[in-house]
Amino acid sequence: MQITIKTFAQTREVSGCSSLALDVDNKSTVADVIMHLKQRSQNWANALESNVLTARNQTLCSLDTVVSENDEIAFFPPVTGG
Amino acid sequence: MFVSIQEGDFSPHDLHQQLYSLASQKNAGNTGAIVTFTGLVRDGNPSGKIEGIELEHYPGMTEKALKLLIQDATQRFSLNSAGAVHRVGRLYNNDQIVWVGCAAPHRRAAFDGACFIMDMLKQSVPLWKKEFVGDESTWVETKVSDEYAAMKWMHPSSCALDNG
């Protein structure tokens, strides 16, 4: 199934990719998606190494969240607004 | 309530009027206090001077998270109305970044509501700040003091006014 990956801030810069359509196995978790991306390139491995928050369809989620077809999964660092 | 994520500048006076008008419509005569906060770009950090910042956001999620935060504050402090505006994109020293306003029957709820929104905004709304000095740019790291300010709301306590 296909999902969309989005990245922001340092995670976007280090991965070198702001948006990506990705094929993953059914019943994959966010942790599986991270594993998949880390194997794509060293840049992705570096971007997802540590201190990254995850969101599924624009709501923060945990690593054991199961993803569904057409989900938007986002990775970004802790926020610094205000 | 109202929220906005925008590139353009805002008028604190107009936003105050908008909040006043909303609070009056909802609960005419019951609003006894309006507290507003405006955040500006400082010209430096502990390492030295900066020339400005760039704010990145997650279109869609940022608006959603800010709206949820305002709804949470409204319920938690029984506010008559509340609003927040946050700018994104390139900003320069002394520019306005953020505005928060709370209307309530009494001043304590309005002050606490505004403090709560600012403390939680720095922890829960997807916004990322990058500072510029010449051609160099550096992402701002999360501050322990900001985390502490947000965590304080988990326990009954006074407002953390020292975390700007």
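Buried here means under 20% relative accessible area, and exposed means over 50%. Keep those two cut-offs at hand as you walk through this predicted model.

**Stop 1: Leu55(B)**

Start by selecting Leu55(B), which belongs to strand 5 of chain B. Is this residue buried or exposed? Its relative accessibility is 3%, so Leu55(B) counts as buried. Leu55(B) and Met154(B) are separated by 99 residues in sequence, and their C-alpha atoms lie 28 Å apart in space.

**Stop 2: the largest nonpolar core**

Next, bring up the largest nonpolar core, a set of 36 residues. In soluble globular proteins, nonpolar side chains tend to be buried together. Which residues have the most contacts inside this core? They are Leu69(B), Phe116(B) and Ile117(B). Colour by element and you will see that two or more residues come from each of strand 2 (33-40), strand 5 (52-57), helix 2 (61-76), strand 6 (81-87), strand 8 (96-104) and helix 3 of chain B. Helix 3 of chain B is the biggest giver, with nine residues.

Zoom in on Leu69(B). Beyond its neighbours within four places in sequence, Leu69(B) is in contact with Phe116(B), Ile117(B), Met120(B), Leu121(B), Ser124(B) and Val125(B).

A second, separate core of 17 residues has Ile3(A), Ile5(A), Val24(A) and Leu37(A) among its members.

**Stop 3**

Back in chain B, show helix 2 and helix 3 as cartoons. These two helices of chain B pack at an angle of about 150°, and their axes are 10 Å apart. The crossing of helix 2 of chain B past helix 3 of chain B is right-handed. To see the contact itself, select Ala65(B), Leu66(B), Leu69(B), Ile70(B), Asp72(B), Ala73(B) and Arg76(B) on helix 2 of chain B, together with Phe116(B), Ile117(B), Met120(B), Leu121(B) and Ser124(B) on helix 3 of chain B. Sorted by class, this contact has nine nonpolar, one polar and two charged residues.

**Stop 4: helix 3 against helix 4**

Helix 3 of chain B brings Asp119(B), Met120(B), Lys122(B) and Gln123(B) to the contact, while helix 4 of chain B brings Asp146(B), Glu147(B), Ala149(B) and Ala150(B). Here the classes are three nonpolar, one polar and four charged residues.

**Stop 5: two backbone angles in chain A**

Finish in chain A by selecting Lys27(A), in the loop between strand 2 (19-23) and helix 2 (30-38) of chain A. Lys27(A) is not a glycine, yet it has a positive phi of about 65°. Lys27(A) is exposed, with a relative accessible area of 71%.

Then pick Asn70(A), in the loop between strand 4 (59-60) and strand 5 (72-76) of chain A. What is the phi of Asn70(A)? It is positive, about 70°, although Asn70(A) is not a glycine. With 62% relative accessibility, Asn70(A) counts as exposed.

Definitions and conventions
Residues numbered from 1 in each chain as written. Chains lettered and ligands numbered in written order. Predicted model: local features only at pLDDT ≥ 70, side-chain atom pairs only at ≥ 80, totals over all residues. Heavy atoms only, no water. Contact = heavy atoms within 4.5 Å. Helix = DSSP H or I, 4+ residues; strand = E, 2+ residues; numbered from the N terminus. Nonpolar A, V, L, I, M, F, W, Y, C, P; charged D, E, K, R; others polar. Core = buried A, V, L, I, M, F, W, Y, C linked by side-chain atoms within 4.5 Å. Buried < 20%, exposed > 50% of the residue type's maximum accessible area, 1.4 Å probe, protein only. Axes fitted to C-alpha atoms, helices over the stretch in contact; angles between N-to-C directions. Left-handed = near helix turned anticlockwise from the far one by under 90°.
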